[in-house]
Amino acid sequence: MAKLYFHYATMNAGKTTILLQASYNYRERGMTTMLFVAGHYRKGDTGLISSRIGLETEAEMFRDGDDLYARVAEHHEHTTVHCIFVDEAQFLEEEQVWQLARIADRLNIPVMCYGLRTDFKGNLFSGSRALLAIADDLREVRTICRCGRKATMVVRLGPDGKVARQGEQVAIGKDVYVSLCRRHWEEEMGRAEPDDFIGFTRG
Ligand SMILES: [Zn+2]
């Protein structure tokens with residue numbers, strides 16, 4: 001049976017590169033893949049999945065209220081689809097995660113979701129919460145903090161280069177995200193004593 005996968009990580013861990021490579025592997029073997037990316041912060045109908053190392057591929061966009069099961073089922077009727085890839089899966093609605101599960105369960109197509117686990121405040125995104133709850137297979141894409149420990153958290157740096165401790169879950173603009181280990185994240189967020197502080201704010 002096909003499975004629903006959630007590959008989660010913090011920012012800049014290379015999730016998108018892994019997604020594009022995996023899709024390429026299918027296509028190289030003559031198989032068909034469908035790619036989705038969040039359309040919440042994009043215009044038009046066609047999205048582009050771009051990785052930091054320069055790979056990019058066109059993708060369909062998903063937005064709130066879209067029925068992903070219906071879209072895949074319709075496509076699958078005339079062209080056999082071998083795998084579904086979803087980038088920025090943290091922005092999925094809970095219902096859309098269930099639709100993706102249904103694609104695996106009823107259409108027998110594997111669904112590979114890639115996304116962030118938590119936002120800069122350390123809270124789960126809606127899509128990530130649902131995926132962590134019901135995905136068959138959870139895989140962590142690892143990256144490291146500048147101290148060398150595994151990075152599991154992210155801080156947002158505003159235009160002034162300082163760590164944001166409040167604000168909307170997603171900022172559209174020139175904000176920069178930096179992945180940190182949990183210890184350094186707590187120090188940067190002002191939640192823990194800075195015993196081991198190597199932060200942005202001390203200068
Ligand atoms: Zn660290």
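This is a predicted model: local features need pLDDT of at least 70, side-chain atom pairs count only at pLDDT 80 or more; totals for chains, interfaces and linings use all residues.
Leaving aside neighbours within four places in sequence, aspartate 137 is in contact with Lys3, Leu4, Tyr5 and Phe6, and the residue itself is found in strand S7.

**Aspartate 137**

- Because its relative accessibility is 16%, under the 20% limit, aspartate 137 counts as buried.
- The side chain of aspartate 137 makes a polar contact with the side chain of arginine 139, at 3.1 Å.

**The zinc site**

- The zinc ion has as its protein donors Cys145 (SG), Cys147 (SG), Cys181 (SG) and His184 (ND1), which lie 2.0 to 2.4 Å from it.
- The angles subtended by the four donor atoms around the zinc ion run from 98 to 117°, and therefore the arrangement is tetrahedral, given that all angles must lie between 85 and 135 degrees for that label.
- Along the sequence, the donor residues of the zinc ion follow the spacing C-x1-C-x33-C-x2-H.
- Distant parts of the chain are linked by cysteine 145, in the loop between strand S7 (137-140) and strand S8 (153-157), and cysteine 181, in the loop between strand S9 (176-180) and helix H5 (182-188), the two being 36 residues apart.
- The UniProt record, an unreviewed entry, places the feature "binding site" at Cys145, Cys147, Cys181 and His184.
- These annotated residues span 40 residues in sequence, yet no two of their C-alpha atoms are more than 8.6 Å apart, so they gather at one spot.
- Cysteine 145 counts as buried because its relative accessibility is 3%, and cysteine 181, at 2%, counts as buried as well.
- Histidine 184 has its place in helix H5 and, because its relative accessibility is 2%, counts as buried.
- Apart from neighbours within four places in sequence, cysteine 181 is in contact with several residues, among them Cys145, Cys147, Arg149 and Lys150.

**Glutamate 88**

- According to the unreviewed UniProt entry, the feature "active site" is placed at Glu88.
- Glutamate 88 is found in the loop between strand S5 (83-86) and helix H3 (94-106).
- When neighbours within four places in sequence are left aside, glutamate 88 is in contact with Val37, Ala38, Arg42, Phe62 and Tyr114.
- A polar atom of the side chain of glutamate 88 lies 3.3 Å from the backbone nitrogen of alanine 38.

**Aromatic rings**

- The count of aromatic pairs comes to four.
- In one of these, the rings of tyrosine 41 and phenylalanine 91 have centres 5.5 Å apart and planes at 65°, so the pair is edge-to-face.
- Tyrosine 41 lies in the loop between strand S2 (33-38) and strand S3 (46-50), while phenylalanine 91 lies in the loop between S5 and H3, so the pair ties together parts that are 50 residues apart in sequence.
- Tyrosine 41 counts as partly exposed at 44% relative accessibility, whereas phenylalanine 91 counts as buried at 13%.
- Phenylalanine 91 also forms an edge-to-face aromatic pair with phenylalanine 125, with 5.8 Å centre to centre and 85° between the planes.
- Because phenylalanine 91 is in the loop between S5 and H3 and phenylalanine 125 in the loop between strand S6 (111-116) and helix H4 (126-134), this pair ties together parts that are 34 residues apart in sequence.
- Phenylalanine 125 is buried, as is phenylalanine 91, and ring pairs link Tyr41, Phe91 and Phe125 into a cluster.

Note on methods:
Residues are numbered from 1 along each chain as its sequence is written. Side-chain values use heavy atoms; hydrogens and water are left out. UniProt positions are given in the numbering used here, feature names are shortened, and annotations may be inferred rather than shown by experiment. Helices (H or I, at least four residues) and strands (E, at least two) are DSSP runs, numbered from the N terminus. Contact means heavy atoms within 4.5 Å. A polar contact is a pair of N or O atoms within 3.5 Å; within protein, one must be able to donate a hydrogen and the other to accept it, and residues adjacent in sequence count only if both atoms are side-chain atoms. Donors are N, O and S atoms within 2.8 Å of the metal (3.2 Å for Na, K and Ca); water is not among the atoms, so sites may look incomplete. Four donors count as tetrahedral if all angles lie between 85 and 135 degrees; four count as square planar and six as octahedral if opposite donors are over 155 degrees apart and all others between 65 and 115; anything else is irregular. Buried means under 20% relative accessible area, exposed over 50%, partly exposed in between (1.4 Å probe, protein chains only). Rings of Phe, Tyr and Trp (its six-membered ring) pair if their centres lie within 6.5 Å; planes under 30 degrees apart count as stacked, over 60 as edge-to-face and the rest as tilted.
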